[in-house]
Amino acid sequence: MSTYPVESIRNFSIIAHVDHGKSTLADRLLEITGTISKTDRNKQVLDKLQVERERGITVKAQSASLFYNHEGINYLLNLIDTPGHVDFSYEVSRSLSACQGVILVVDANEGIQAQTVANFYLAFEAQLSIIPVINKIDLKNADPERVEKQIEKLFDIPRDDCIRISAKQGTNVEKVLQKVIEKIPPPQCNSADPLKALVFDSTFDHYRGVIANIALFGGEIAKGQKIVSAHTKKRYEVNEVGILTPNEQPTHKLYAGQVGYLIAGMKEVTEAQIGDTLFLYKQPVEPLPGFKSAKPMVFAGMYPIDQTEYNNLKSALERLTLNDSSVTVHRDSSLALGAGWRLGFLGLLHMEVFNQRLEQEYNMSVILTAPTVPYKAVLSSAKLIKEYGKDEITIINPAQFPDKLSVSEYLEPTVLGTIVTPHEYIGKIITLCQDRRAVQKDMLYIDENRVMLKYLFPLNEIVVDFYDALKSLSSGYASFDYEDAGYQSADLIKMDILVNGNPVEELATVIHKDKAYAAGKLLCERLKETIPRQLFEIAIQAAIGKKIIARETLKAYRKNVVAKCYGGDITRRMKLLKRQAEGKRLMRKIGNVEVPRDAFIRVLKRETDK
Amino acid sequence: MAAVRRWPRKLAVLAAALPGAGSQGRAAAPGPAVLPAPGPTEEPAPEPVPGTAAPATAALYVHWPYCRKRCSYCNFNTYVVRALDEAAVRACLVREAQTLLRLSQVHSVTSVFFGGGTPSLAGPGTVAAVLEAVAGAAHLAAAAEVTLEANPSSASISRLAGFRAAGVNRLSIGVQSLDDSELRMLGREHTAAEARQAVEAARGLFPGRTSMDLLFGLPGQSRDAWAQRLEAALGLCDDHISLYQLTLERGTALAAQVRGGALPEPPQDLLADMYETARNVLVATGFRHYEVSNFARKGALSTHNLSYWRADEYIGVGPGAHGRFVLRGEGGCSREARVQTLEPVTWMREVQSHGHGTRSRVVLNPLEQLEELLTLGLRTDEGITHECWGHFSPQFSLQDVFGEPGEARALQQSGWLVLDSGGLRCTWAGLAVLDSLLPDLLWQLQRALGAARCPPRDKEGQDARAVSGHDGQ
């Protein structure tokens, strides 16, 4: 690796909206440079997970070193793949911090989409060189000219700089490589400096432990060296270094400016946190800026469908989180759903992907409750402040919601959402956003008939069904992306659900005051549909404190007896009755009301009708 | 908890003492006890095995599976065939009745019921042949109730007279409604006027022993319309009425129309009102509400149906017929749930080749027998008497199982149930919501008898094994 001096190294990423062709372009680059052989089977080579190939997204970024001769010089081009979604924007930003430039891929038919915008700004703010590429020009409806205009208007990039390609057919892909060499500067660093390595990704291997992907900002690294994590302060001995092609290929050393992997006896992925800096033992360096611990933004309860599956699910969770340190896991239990966990995710897609991986890779099906967000309360009660040891607490479980009297302010997480849509849907989208308590921040025509809207959303307003609503009212044409925008003051309350006057613990929710009536009514209606009629009348109420805000009445059964048992055939009937009798075991009694587990599942469960 | 733990140990005694916990030790075996169905080579032992002390009695049901037309609400095992070889069917019904009576070693048949289908489409000669076979294989008292279900469209005076001559002494007429538009919706072949004629003809031939079936809760039927039908029925009826709430069975034309929105679904409260109106009116006119859907005056209760509700033994003959009896002829002493092969052509082939077309045999364990008794017995006004309970559970009285604090006690306190010197039964209000009481009572019974001894059957496994006996034939 010493034959590649810093000047002949280029570190770059490809960024794109979902399905605009990022992975296909990567496949072609790998083929052209001879990194992989050219066959028809090279489809999304870097997307290894089933879920990635199915959804057309990258969850777990893969990287590859490409060797390319240009005008007589051998170049080492490090393609640093990035996760393809805003839920992973922190990972994206860390990946980008290992780069000096990006290829921004835009679909010639769809044009700029919400995620294109978000990705562009991430790269722009990191002061990276940007190579705009318009992909899929072979498509019948391709309109590269229009897309060039959008890029010029929105990103202020001259339209002549855009490269029109078809990654699928390989058209102009070589040109992209040449631009990478010409436009992207080599990394600014020196092998003579002390070691400074950025961890931009990590994976777990059952035999070798943690494999950390690293970019060297200074110095060199080789087997046998003793290194230290700036974040954990733990010390390790390097067992192996190498490059990714895209499979791990051990090398003698890695030098400043180069990108590769490292294995150093780390047992858990939490020891190689993304954004961490590694340095040589006794030669500490200033850690690279921008490190954050993964911060879950969306929480959901996870329960086995059958409690006998608890241990299997537990081990599946353990194995899956080995590879995904951004998921937080806390044991939880519910009177209705049994023992389970409260999981924290980076975002909605992250949650879905995690659930899908559990199903596909571990054959587990689970009850996942509707997602909630972490609220905060600024305490005013001296007693509570003493109890918590701080004056601001995070509320994940509604049971911990402190009373208004001991709180000076409640806070809710917000996100800045970007929506790109054909203009005919603007009216409906604005109404949708207003319904979700969002505040408009920007509105811009990116061409004659496409609009970009920016809204500040309370996070909880988009975690359940916002994306589906947006897609359905725009016939699938609007795209959406969001980024963390901190906390804002909010009028939060705790809403209880009462069944015949008795509160149902697992149905309590923290909610904005303006939404309580509608949400309370909906919950009561859904419960009414799912609780079976009983021998007495049942009142289902939503309450804020002592005030009832919604009520549904489930009337008593007045007649419930089968008319006839034909010709002595009671076998089928006995089966049904016995199943009901066995069901008594699984009933949750609230006061004297029997609520079947199914009713809770149907009310609490996340809707997945996508 | 202590009480619950105590039960299983006691049950060992109970199980041993129960009729049916025999030398084969089946009661102690966990899981389903499924006997192999008889194979082609098996014929019942020619000589009866002497066994049980008390002479065995049973009711006998005969299924005639054919109809001229399928009614829109019916999902029962019926067939519309163009040309029927009645002589062949007759021979099979006779042969199967003889075989099953021999297998059961029943000494006396207490009642016979010809159901369907439309048994009034069968020739009186067929009915006569079956009754002769019964009388030949067991004692059939002259006074024994012999009921035939008749459709108004096949109930002319001459035909009914033929059935009477064949030995039928009670008729159950499928009137269903006394309104022509309702009859059309139900897909019936007859008009209201024909129904009236049929009932009058039947009353003339079977005075005091004619029953009529009526349906209520038809899609779109109003409270007033039902009150009118009921009044008309009271003006026409004899001493027995069966009032059935229309059940929208899956797979029927009527259910599809309701699901598709072509017909309105009757609201729950309206159905409750209709039922309440009917039972009040009938009781006020001197009828005894002796079962959920059955009313009789002047003591004209159907003894055949009472046999089901009292969990007496009954033998089912004909395609798809169900039975509950002990196979004494094979040396058995446990009550079995038996189902005959559904499809008539297959059933006939089986009867012809080995005497009967039993498709499945499942031995009922003591808990299952008590569960059936509870489910059926509580449908009657007398409920489950101590005597009847004691027959199935000599060790543990009703008081032992349901008298302790628990579900039954709570249901008594709420006024749905009574447990006293007469036995366990529903109150007037409780009868209307029996299906909401039963899961609680069954759950209490299961706990009391110790679920560990009689684990719940594996649903699929049971069916698969039960059917396997006839595979490959």
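**Exercise 1. Find how many residues lie between β13(B) and β14(B) in their hairpin, and name the partner of B:V418.**

Solution. Strands β13(B) and β14(B) form a hairpin with two residues between them, where strands are DSSP runs (E, at least two residues) and helices are likewise DSSP runs (H or I, at least four residues), both numbered from the N terminus. The model is predicted, so that local features need pLDDT of at least 70 and side-chain atom pairs count only at pLDDT 80 or more, while totals for chains, interfaces and linings use all residues. Residues are numbered from 1 along each chain as its sequence is written, chains are lettered from A and ligands numbered from 1 in the order in which they are written, and side-chain values use heavy atoms, with hydrogens and water left out.

Next, take the pairing itself: β13 (residues 417-420) of chain B and β14 (residues 423-426) of chain B run antiparallel and are joined by four bridges, two strands being paired if DSSP finds at least two bridges between them. Within this pairing, B:V418 has B:R425 in β14(B) as its bridge partner.

**Exercise 2. Decide whether B:Y61 is buried or exposed.**

Solution. Begin with the location, which is strand β1 (residues 57-64) of chain B. The relative accessible area of B:Y61 is 4%, and therefore the residue is buried (under 20% is buried, over 50% exposed, and in between partly exposed, with a 1.4 Å probe and protein chains only). Finally, B:Y61 and B:G323 are 262 residues apart in sequence, yet their C-alpha atoms are 8.2 Å apart in space.

**Exercise 3. Describe the interface of chain A and chain B by its residues, its area and its salt bridges.**

Solution. Count the residues first: chain A gives 31 residues and chain B gives 45 residues to the contact, meaning heavy atoms within 4.5 Å. Then consider the area, of which the two chains bury about 3600 Å² between them, with 56% on carbon and sulfur atoms; buried area is the accessible area (1.4 Å probe) that two parts lose on being put together, summed over both. On the side of chain A, the residues that lose the most area to chain B are A:L535, A:R558 and A:K559, together 20% of what that side buries.

One of the salt bridges links A:R573 with B:D435, whose closest N and O atoms are 2.9 Å apart. Helix α13 (residues 571-583) of chain A supplies the largest share of the side of chain A that touches chain B, namely eleven residues.

Definitions and conventions
Salt bridge = Lys/Arg side-chain N within 4 Å of Asp/Glu carboxyl O.
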